[in-house]
Amino acid sequence: MQSATSEMAACALPGAGESASSAAELIRRARELVPVLREREAKAIADRQVSEETIRDFTEAGFFKVLQPKRYGGYEMSPAVYCEIAKTLAEGCMGSAWVYGVVAVHNWQLALFDPQAAEDVWGEDGSVLISSSYMPTGKVTKVEGGFRLSGRWAFSSGSAHCDWVILGANMVVDDGGPEPFNFLVPRADYEIVDTWNVMGLAPTGSNDIVVNDAFVPAHRVIREKDMFRLDCPGMAANPGALYRIPFAQLFNRTVSTTSIGSLRRALDTFVQTTRDKRATYSGARLAEDTTIQEAVAEVKVILNDLELRLASDLAELERRAEANDWPIERRVELGHHTTSMVSRCVTAIDLLMLFSGGKAIYLGNPIQRAFLDIHCARAHVANNPYPYARNVGAVAFGFENDCLDL
């Protein structure tokens, strides 16, 4: 089922000269891959890894270029197109869509680094991919020309398919205490450790990254506060409005949007499988059960609310980026919008799981897969709505904003 917001995304104002038909074509390619991803899903779960074939399909379809700077072969298109692709792919396999969303957003973030960093990564090949783990667990020593970085980071989604990684670490700055920074590291300087044995989102291959005393030149380091303040070294070289969106306003939607697509698939599956199902003992048609009918209605409302909110927020991000207008009160609210999305998906998928009966407990059931994947997505720190909700209320009462990741 194609959502109303997919039509909105296809008609969204594209960036950097891309035509609306190009956006529609990319979304069409994503839709065509849905049945392909469903066929590959069981193997991807068993392998705990998205296949090389799937990454190749994403690459050949142009998906990774959507947010990439044009100077390196990218499209610089609307974030609405990027999110619609991720949401659509999630109707096929949420884990595969998660990898797409997380890896593709780094092609946007790299434009915020010193331009030499992008040249290091894409100077010879604009299709090189980047993974990440932003948790600030690294140990840093400042040296001439840059830094020495060591540490171990978890949850680096899609890392097996990437040649670079962005890693987090705290450093003491001259004008204050320790702050988080991001460090861009090439594949030769880190090891991927296979730790990804999980109940959901298994295809993401979100393994650990280990770095042992690697040198990171200063141009491959970016201060997270600079991304919050929209004062990044790469903005002069990449002046488009796309790169004037605060980092977390886009990244956090990377890890929330795929749950919407997975929930839509689960709802469609539930309706199809329940339509002619009968109760084991009474023989009554379950589709006539008013409680089940009300559950379907509730899930539909949640889906419609989330898709409309996502489309509205993405359009607002574009407008504010064009005008360079980011009042903190609104940023706080927009941040809370995205961090609360997966919690609503959890409420909805729990309803569907509740009424799916005994067969849903068997491995391979698509509703169960959505249940596990969405619950795992909720475990991501960026999908924890409580600190963001408290911040919205605090700012409304006149207290200082206490979230830099918005």
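In which sense, parallel or antiparallel, do β5 and strand β6 (residues 207-217) pair, and over how many bridges? The views below, taken from a predicted model, begin with this pair.

**View 1. Strands β5 and β6 pair in the antiparallel sense.** The pairing of β5 with β6 extends over 3 bridges, and within it Ile192 has Ile209 of β6 as its bridge partner. On the β2 side, β6 is joined to β2 by 8 bridges, the two strands running antiparallel, and here Ile209 is the bridge partner of Trp153.

**View 2. Seven strands form an open sheet with mixed pairing.** The order of the strands is β5-β6-β2-β1-β3-β4-β7. Because β5 (191-193) and β7 (221-223) stand at the edges with a single partner strand each, one side of each has no neighbour in the sheet. On average, and ignoring direction, neighbouring strands are turned by 25 degrees against each other. Helix α5 (residues 94-109) packs on this sheet, where it touches β1 (130-143), β3 (164-172), β4 (178-186) and β7, and its direction makes about 50 degrees with that of β1.

**View 3. Strands β1 and β2 form a hairpin.** These strands pair in the antiparallel sense over 5 bridges, β2 covering residues 146-156, and Lys142 stands opposite Phe147 in β2. Between the strands lie 2 residues, and Gly145 in the turn has a positive phi of about 85 degrees.

View 4. At the N-terminal end, Asp289 caps α10 through a side-chain oxygen that lies 2.8 Å from the backbone nitrogen of Thr291, while Asn324, just after the helix, takes a positive phi of about 50 degrees.

Terms used. Residues numbered from 1 in each chain as written. Predicted model: local features only at pLDDT ≥ 70, side-chain atom pairs only at ≥ 80, totals over all residues. Heavy atoms only, no water. Pairing = 2+ DSSP bridges. Helix = DSSP H or I, 4+ residues; strand = E, 2+ residues; numbered from the N terminus. Axes fitted to C-alpha atoms, helices over the stretch in contact; angles between N-to-C directions. Contact = heavy atoms within 4.5 Å. Polar contact = N/O pair within 3.5 Å; in protein donor to acceptor, adjacent residues only side chain to side chain.
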